[in-house]
Amino acid sequence: MENVDAPSSPTPQAVEANPDLTSAASSDVSSSDEYLPGTLDAPHLIVRLIQCQRCSRPLHTPLRLPCGNAICRSCLPTVRPRTGITYPVAEGREEGFTCYWTGASNCVGEHCVGDCGVDVVLCNVLGLFQEELAFPMPDAGASENPDDSGRIVRWKVDEKGTNSLEDQSAHLSQRGWLWGLYLLAWEGRLPYNATEVVYEPERERAGEQMHQQDDQIRFERLRDRLRAEVDCQVCYSLILDPLTTPCGHTFCRKCVARVLDHTDLCPVCRRKVGIPAAVQAEPLNSTISQIIDHFFADQVASRREADVEDEAGGDHEKDLPLFVCTLSFPTMPTFLHIFEPRYRLMIRRVVESGNGKFGMVMYNRRGREQSDGLGSSTFMQYGTVLMVERYELLPDGRSLVIASGISRFKVIEAGELDGYHVAKTERVDDISLAEEERLEAMETSASPIPDPTDPITPEPPLDSMSTQELLDLSRDFIRNQRQSGAPWLHPRVMLAYGPVPTDAARFPWWFASILPIAEEEKYPILSAVSVRERLKLCARNQDEQANTPSTQLSETYIPQKLVIGTFFAIFLAQVGINFLQTVRGGRRRRQAMELQFPHPLPQLNRRRN
Amino acid sequence: MALPKRIIKETERLMAEPVPGINAVPHEDNLRYFDVSIHGPAQSPYEGGIFRLELFLPDDYPMTPPKIRFLTKIYHPNIDRLGRICLDTTGPPALQIRTILLSIQALLGAPNPDDPLANDVAQRWKDDEPAAIQTAKEWTRTHAMT
């Protein structure tokens, strides 16, 4: 459906150019150009909200179309059997039609009858319009008062689609604007695309005042009664971004997304929703959207604000959502498979909010006591801020995420938001380089220089080694392991985590990411704030790893290899399928994919397309 | 943790327009936890009894249904010894606390031994309904009328 303002785009000068009209009652003449939502300024726009775009009458048994438009059941285009389609098998899927809005926004042209359920909310809304605006109905036989004592409404309309506007007008007799216009629409005399609508008030002042009152009363009653109909049945608040399911039930877009995290059934009727998990791509119900925006613009605005507030947990300090799962390290990638409903919600919010950041903390498996009053929380206190690099939504709502480590943090205070943890955090950084140098100088000079000829201590104590030597020690360890064919240094692992870093500050992150030992052993590396300290921990972990019996070793590395392998396989398959579909599907598919990738990842989009 | 607006609204409505025969009061220190009591429906074996239940709204309510359990012992084919309830309609988001409690009340009025949770009770209900009803009445007298 086009924007309600659009038909009024022809020059407002046309009104001014007509001296009769402007002089008649300049203050009361209003054209749709000066339209204010939520007011009575342009009554025909209120009536237009529920007019069918095809027959111009108030919608009757409106069907919801997948492109977001609504249409009377009787205005449905000719239905024809769809051939060559065998899946999915469901009632109504074997017939389809070409949409009137083909080529317009979001409409792919063909709809299947099964997707066009009767719009339940819109039906109720129409009932209220009928009750408030059409009563009392004029007597069927009574002839309309032909004299010009009542209000007159004039408009122009392009009836034959030839860009030439034709003047039309109607006497509203002794009726207010809303009442009169609704009845005009009911009789099919007020075209949907009427433009330059001009209202001529009644000459008699008393009568005019009465009509104004009538309009005001009807408008307010209608607004008050509408409000109860446009609450979402999931969150019990005003519907925000109304999305209508194929079965005809309308909810907030975000509520649908949350429902889909748990089930694929409609919250109201339990029929299959049949909306892909990428709810962001679904067109909104334009009729309901416009009605809500017209009558409750202020509430929509405050609701939107409250929504942002709610997602932040209402607590600006605890602003980092936590994923309690594994140990991640700065500059290193983390591969995630998101399947739990609460984390589906969390990742979606993270991606949609645009900053793409969340905190990764590992489980506190041993129930260790944490500092800062966290107690034995379910997660460890130190974690890594991850940035979502790639987000692949699978058709069933699960997702694959590649995120890279940004910085480290320490949880100061934690809370919960919709089932997942959120935390107030403090950034953790390394000590300054000067401090680092001082530490190295102090440690290397304090420790006794070992005698290289002494056979008892062939390896010097770690404290006495220079930072560079510590790095070389670990790099040598890697080289030796690789030469002996250690499976945890398989080329595929190196492909995922990159080659051995030469930077001493970064090396421990890389090392800890791939070393196949328990996460609890690696945790101290994350919280160490000096490069030297981290390298020493790496060196100690080498011993740990070397001392681990090989059977146990193979048990630990296989899952890691498997996880990365599986991940890549799924990922490549997904990319392959997408590529094929892009090639085949052309424009339509491309649109859908762009919507699947919200803006934090534009460069990836481009690469794909 | 902030309480979702839906829970606040539902609680307000429950307080403002209580369901006849059902009383649900949230705990002061945890607004997700309700003490519920349901009066046994008239003309049922549970008539005259007041049954206590506990109801808890999980973190992701209304996406997941409320957790609800009988605390008072009851002899009923769809309620097991631990007080767990077998409801056909286990909470799509559009189902409210009110409707769930109503359907439990209805379940007391119309036991359904064909969809049992307590197998022994259901079997007895099918084999000898008058005797089963008699037991249910006795249980109501001993457990739900004190």
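**Entry 1, the model.** I noted at the outset that this is a predicted model, and I kept that in mind while reading the entries that follow.

I then turned to burial and found that, of the 146 residues of chain B, 34% count as buried, taking a residue as buried if 20 or more other C-beta atoms lie within 10 Å of its own. For the contacts in chain B with a separation of 6 or more, I noted that 55% come from residues 24 or more positions apart.

Next I followed the strands of chain B and found an open sheet of four strands in the order 1-2-3-4, with antiparallel pairing. Its edges are strand 1 (22-26) and strand 4 (67-70) of chain B, each of which pairs on one side only. On average, and with direction ignored, neighbouring strands of this sheet are turned by 20 degrees against each other. I looked at one pair in detail: strand 3 (residues 50-56) of chain B is joined to strand 4 of chain B by four bridges in the antiparallel sense, and B:Glu54 has B:Arg69, in strand 4 of chain B, as its bridge partner.

Which strands does helix 2 of chain B lie across? I found that helix 2 (residues 97-109) of chain B lies across strand 1, strand 2 (33-39), strand 3 and strand 4 of chain B, and that this helix runs at about 35 degrees to strand 2 of chain B.

In chain A I looked up an open sheet in which three strands take the order 3-4-5 with antiparallel pairing. Strand 3 (80-81) and strand 5 (110-112) of chain A are the edge strands, each pairing on one side only. Between strand 4 (residues 95-98) and strand 5 of chain A, which run antiparallel, I noted three bridges, and I recorded A:Glu110 in strand 5 of chain A as the bridge partner of A:Thr98.

How many residues does each chain bring to the contact? I noted 22 residues from chain A and 13 residues from chain B. Sorting the chain B side by class, I found seven nonpolar, five charged and one polar residue touching chain A.

Terms used:
Residues numbered from 1 in each chain as written. Chains lettered and ligands numbered in written order. Predicted model: local features only at pLDDT ≥ 70, side-chain atom pairs only at ≥ 80, totals over all residues. Contact = placed C-beta atoms within 7 Å. Nonpolar A, V, L, I, M, F, W, Y, C, P; charged D, E, K, R; others polar. Buried ≥ 20, exposed ≤ 12 C-beta atoms within 10 Å, placed from the backbone. Pairing = 2+ DSSP bridges. Helix = DSSP H or I, 4+ residues; strand = E, 2+ residues; numbered from the N terminus. Axes fitted to C-alpha atoms, helices over the stretch in contact; angles between N-to-C directions.
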